[in-house]
Amino acid sequence: MITCSRTLIHILRRSSSFRLCSRTMEDAVTKAKRAAAYRAVDENVKSGQKLGIGSGSTIVYAVERIGQLVKENKLGDLICVPTSFQARQLIREANLILSDLNQHPELDVAIDGADEVDSDLNCIKGGG
């Protein structure tokens, strides 16, 4: 039965309908990540704040949204403090003000993803 299952999976992976389904799932995940990041920014980031910018796949969309709002003059005077090299690069690419915890040890809000969230909204960051 294992051989049969492996063969079936192999055939499915080679079929265009499997690739289409897989691509559709990836598109849905990407849209969900973008929606979550945009909502986090729209509901929590205000002009004049000192922001912690996390890392991971979803933070790309959060920084994208912050950059849009700054460019549209809907947000201003933000100071962004990265938690990683990736976040630092995203902040620079979006032409946002970059700082660090030495200069700004207290943040108003930090945006970051969670690896797991339970039904009570308890989060686990850094699943390892």
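Close-up 1. Asn73 is exposed, because its relative accessible area is 70% (exposed means over 50%, buried under 20%, partly exposed in between; 1.4 Å probe, protein chains only). This is a predicted model: local features need pLDDT of at least 70, side-chain atom pairs count only at pLDDT 80 or more, and totals for chains, interfaces and linings use all residues. Residues are numbered from 1 along each chain as its sequence is written, and side-chain values use heavy atoms, with hydrogens and water left out. Asn73 sits in the loop between helix 3 and strand 2 (79–82). Helices (H or I, at least four residues) and strands (E, at least two) are DSSP runs, numbered from the N terminus. Asp77 lies in the loop between helix 3 and strand 2. Asp77 counts as exposed, because its relative accessibility is 66%. Most residues other than glycine have a negative phi. Phi of Asn73 is positive, near 60°. Phi of Asp77 is positive, near 55°.

**Close-up 2. Ser99 and its surroundings.** Ser99 belongs to the loop between helix 4 (85–93) and strand 3 (109–111). Ser99 counts as buried because its relative accessibility is 5%. Its side chain makes a polar contact of 2.9 Å with that of Gln103 (a pair of N or O atoms within 3.5 Å; within protein, one must be able to donate a hydrogen and the other to accept it, and residues adjacent in sequence count only if both atoms are side-chain atoms). Leaving out residues up to four places away in sequence, Ser99 touches Ile79, Cys80, Val81, Pro82 and His104 (contact: heavy atoms within 4.5 Å).

**Close-up 3. The largest nonpolar core.** This core has 21 residues (buried Ala, Val, Leu, Ile, Met, Phe, Trp, Tyr and Cys joined through side-chain atoms within 4.5 Å). Those with the most contacts inside it are Val41, Val45, Leu51, Ile53, Ile59 and Ile66. Helix 2 (16–44), strand 1 (50–53), helix 3 (59–71), helix 4 and strand 3 each give two or more residues. Helix 3 gives the most, with six. Ile59 touches Ile53, Gly54, Gln86, Leu90, Ile111 and Asp112, not counting residues up to four places away in sequence.
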